[in-house]
Structure formats: structure tokens, C-alpha cells
Amino acid sequence: MTVTRTFSIIKPDATRRNLTGAVTQILEDGGLRVVASKRIQMTKEQAEGFYGVHKERPFFGELVEFMISEPVVVQVLEGENSVQRNRDLMGATNPDDADEGTIRKTHALSIGENSVHGSDSDENAAIEISYFFSDTELVG
Ligand code: CMP
């Protein structure tokens, strides 16, 4: 199995409730290593660009407003098969559908306020990592 990197966001509903540590603990216990992490206030332009693939969706405006409502923590996670591993640890997008023990089942409030984002492919992970981190910030 290959060690890869994926991108994660701890969203405003989680940072607001002081759950940065609790969410990170689930990721670390699940075999992922945090190789970069920073707390940022996303700008509207940043959020619109990041979620550009969803811009025609009815929830796009709500999604952008939510993501800029409070600080988020952006992270790069490393581990074997990290994209899928992270998605397994996050659980389904809608917390009502998420498995027990997942981040979203344990902490998410709704399909919108769902505590975490995770890349859906190795290709998108590379794009999303470079959207928020420079090479010099990725120290391993
Ligand atoms: P995320 O993995 O960050 O990618 C896109 C986000 O859009 C998703 O998580 C959800 O938080 C959000 N989303 C998806 N469907 C809906 C919806 N029906 N209403 C509001 N937000 C949604």
C-alpha cells in the first residue's frame, strides 16, 4: 500500500464548538498523520474558488457563507490510502447516514454543518493541498 496525502478542513461548526482536538484525535487514532495544519479565516473569494465545482448547486451560497462564518482549520493528512481512509473516518456527507464512530456521526450538526471536508480523489487532494499550502509549509 502506498503512503499518500489528502486534504482536510475542520469546518466552522466544529471550530466554534472547540472540537479541533476531538476531530484531529479521530484522524490520528485512525492512522493518519497531520503533516501540516493552520487555522485560517477563509475569504469569500477563497471559499467560492475552493467550492467552484458546486457553484450551480442550490446550496452554493449557503455553503460559502457557512465556510466564511468563522475560522476553519486546514490540514494535510498523510497515511496509507489516505483519501479513502479519511473519507471512512469522516463518514457520509449527511450525518444521519454516517456510520457510528465516524466524525460526522459523532460531531456533525447537519448536511451543511457537517464538521469536516475531505478530498475525494488523489488528484483533487493535490489540487486542494496546493490551494491552501505552499511547498515550504509541507515539512512532513
Ligand atoms: P464537503 O465535503 O465540504 O463538500 C461540499 C459540501 O456541500 C458538503 O461537504 C456539504 O457540507 C455541503 N452540502 C452538500 N449537500 C448540501 C445540502 N443539500 N445543503 C447544504 N449543504 C450541502
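Guide: What follows is a quick tour of the ligand site and then of some single residues.

Visitor: Before that, what kind of model is this?

Guide: This is a predicted model.

Visitor: Okay, the ligand. Which residues surround the ligand?

Guide: The residues around the ligand are K11, Y51, H54, F59, E62, L63, R104, I111, G112, N114 and H117.

Visitor: And where does the ligand sit?

Guide: In the largest pocket.

Visitor: What lies 2.5 Å from an oxygen atom of the ligand?

Guide: A polar side-chain atom of Y51. H117 also has a side-chain N or O atom 3.1 Å from a ligand oxygen. I111 uses its backbone instead: one of its backbone N or O atoms is 3.0 Å from an oxygen of the ligand.

Visitor: How much of the ligand does the protein bury?

Guide: The protein buries 79% of the 450 Å² that the ligand exposes when taken alone.

Visitor: Where is N18?

Guide: N18 is in the loop that links helix 1 (12-16) and helix 2 (20-29).

Visitor: Is N18 buried or exposed?

Guide: N18 counts as exposed, because its relative accessibility is 70%. The cut-off for exposed is over 50%.

Visitor: What is the phi of N81?

Guide: Near 50 degrees, again positive in a residue other than glycine. N81 sits in the loop between strand 3 (72-80) and helix 5 (82-90).

Visitor: How accessible is N81?

Guide: N81 has a relative accessible area of 39%, so N81 is partly exposed.

Visitor: What else does T4 touch?

Guide: Leaving out residues up to four places away in sequence, the contacts of T4 also include L77, E78, G79, S82, V83 and D122. With S82 there is a side-chain to side-chain polar contact of 2.7 Å.

Visitor: T4, buried or exposed?

Guide: Buried, because T4 has 19% relative accessibility. The limit for buried is under 20%.

Visitor: Now strand 3. What about V76?

Guide: V76 is part of strand 3. Its relative accessible area is 0%, so V76 is buried.

Visitor: Which residues are in contact with V76?

Guide: Neighbours within four places in sequence aside, V76 contacts R5, T6, R33, V34, V35, A36, I129, F133 and L138.

Visitor: On to helix 5. What does L89 contact?

Guide: L89, a residue of helix 5, is in contact with I26, L27, G30, L32, T102 and I103, leaving aside neighbours within four places in sequence. L89 counts as buried because its relative accessibility is 12%.

Visitor: How far apart are L89 and G101 in space?

Guide: 8.0 Å, C-alpha to C-alpha, and 12 residues apart in sequence.

Visitor: And D88?

Guide: D88 is also found in helix 5. With 42% relative accessible area, D88 is partly exposed. The C-alpha atoms of D88 and E56 are 27 Å apart, and the two are 32 residues apart along the chain.

Visitor: Last one: where is Q46?

Guide: In helix 3 (residues 44-50). Q46 counts as partly exposed, at 25% relative accessibility.

Visitor: What does Q46 touch?

Guide: Q41, Y131 and F132, not counting residues up to four places away in sequence.

Visitor: And how far is Q46 from M67?

Guide: 9.8 Å between C-alpha atoms, at 21 residues apart in sequence.

Note on methods. Residues numbered from 1 in each chain as written. Predicted model: local features only at pLDDT ≥ 70, side-chain atom pairs only at ≥ 80, totals over all residues. Heavy atoms only, no water. Buried < 20%, exposed > 50% of the residue type's maximum accessible area, 1.4 Å probe, protein only. Polar contact = N/O pair within 3.5 Å; in protein donor to acceptor, adjacent residues only side chain to side chain. Contact = heavy atoms within 4.5 Å. Near = heavy atom within 4 Å. Areas by Shrake-Rupley, 256 points an atom, 1.4 Å probe, with all protein chains shown as cover. 1 Å grid on protein atoms, 1.4 Å probe; cavity = no way out; pocket = protein on both sides within 12 Å on 5 of 7 lines; lining within 4 Å. Sits in = over half its atoms within 2 Å of the grid points. Helix = DSSP H or I, 4+ residues; strand = E, 2+ residues; numbered from the N terminus.
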